[in-house]
Amino acid sequence: MARSKIALIGAGNIGGTLAHLAAAKELGDVVLFDVVEGVPQGKALDLAQCGPVEGFDSALKGTNDYADIAGANVIIVTAGVARKPGMSRDDLLGINLKVMKAVGEGIKANAPDAFVICITNPLDAMVWALREFSGLPHNKVVGMAGVLDSARFRHFLADEFKVSVKDVTAFVLGGHGDTMVPVVEYSTVAGIPIPDLIKMGWSTKERIDAIVARTRSGGGEIVGLLKTGSAFYAPATSGIEMAEAYLKDKKRVLPCAVNLSGEYGVSDLYVGVPCVIGAGGVEKIVEIELTAEAKANFQVSVDAVKELLTACKAIDPTL
Ligand code: TXD
């Protein structure tokens, strides 16, 4: 059977890490695309030279030509500009919208059958715009944010409870970052919901609230430390988890930015909710009954995404 092909649009910090992870896990052959000449070629060659040491046979190619993404099974998009300190995700809107147009057209012309994962910020607006520009079916275009936000939440919770990260599950909804909605009632340690753990004296409501706040600003905390860019290891590994779910038809239940058509009372908007990812792309959207508090927070998130889409439409009237 032929190997799968994974095209990575954007060969920056996340793109390079994605390429390494995809090759090391032998998910398929990797094409690294960027508009900057030399960078994708250099990174691909450097990473290919990891092969003999790490023992992978995935082929890696760097390119500046969209024709090279033809036949890709999965495309992960990180192209654009990353946040600098003091810059909000929304400042990125104008610049990255133009990038999504170029990328969407490149995908439409060369790899319309791919499963597309968008990572570029502001995520919920960019994945929507990328879907519009590419014209692909909604179930084949998703955004990565929830896997990362819940990984951050799980890391902090495992640290708080002094248990393995493996036993911590987290349920998050809504937009990326500031407006994400962690649902503590559905977040557990080995099936025990957080409110029960608080009753058991494992933590306090105040400490959990502080963890929620730290998770929401988790991206900003890293930007503040790095100063020259934003997080890339955990965002890349989160994108790979989604790609793997599709390529291996794993039917993983993952929080992803997906297009809603009436679920949670929302239509024609990409926002983060749990969904089943398998060979059919987004195979099912998981709709749970929310507490009044979660519902109100989710609405804040939805309104923030709507505002971004209005801004996108003002910048590009073809949308
Ligand atoms: O959870 C999430 N979704 C995120 C999102 C978590 C962390 C970072 N997130 C966002 O991902 C971040 O705000 C950025 O918008 C993207 C990519 O972050 P990365 O850290 O990889 O940024 P880099 O290193 O600046 O890489 C971006 C690359 C760079 O090599 C540019 O030359 C290239 O994108 N670029 C393009 N490639 C292709 N086509 C076009 N038009 C283009 N423009 C720039």
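Modeller: A residue is near a molecule or strand if one of its heavy atoms lies within 4 Å of it. This is a predicted model, in which local features need pLDDT of at least 70 and side-chain atom pairs count only at pLDDT 80 or more, while totals for chains, interfaces and linings use all residues. Residues are numbered from 1 along each chain as its sequence is written, and side-chain values use heavy atoms, with hydrogens and water left out.

Colleague: Which of the 29 residues around the ligand come nearest?

Modeller: Asn-13, Ile-14, Asp-34, Ile-119 and Met-144 do.

Colleague: Are the residues of strand β5 buried or exposed?

Modeller: Buried means under 20% relative accessible area, exposed over 50%, and partly exposed in between, with a 1.4 Å probe and protein chains only. Strand β5 covers residues 115-118 and is buried on both faces, with Phe-115 and Ile-117 on one side and Val-116 and Cys-118 on the other.

Colleague: Which way does strand β4 run relative to β5?

Modeller: Strands are DSSP runs of E, at least two residues, and helices are runs of H or I, at least four. Two strands pair if DSSP finds at least two bridges between them. Strand β4 (residues 74-77) runs parallel to β5, with 4 bridges, and Ile-75 stands opposite Val-116. Strand β6 (residues 141-143) is also parallel to β5, over 3 bridges; there Val-142 is the bridge partner of Ile-117.

Colleague: What do β5, helix α5 and β6 make?

Modeller: A crossover is right-handed if, with the strands pointing away from the viewer, the path from the first strand over the helix to the second runs clockwise. With α5 at residues 123-134, the three elements form a right-handed β-α-β unit.

Colleague: How many helices and strands does the chain have?

Modeller: The chain has 11 helices and 14 strands. Its radius of gyration is 19 Å, close to the 20 Å of the globule rule for 319 residues, so the chain is as compact as a globular protein of that length. That radius is taken over C-alpha atoms, and the rule is 2.2 Å times the number of residues to the power 0.38. Buried residues make up 52% of the 319.
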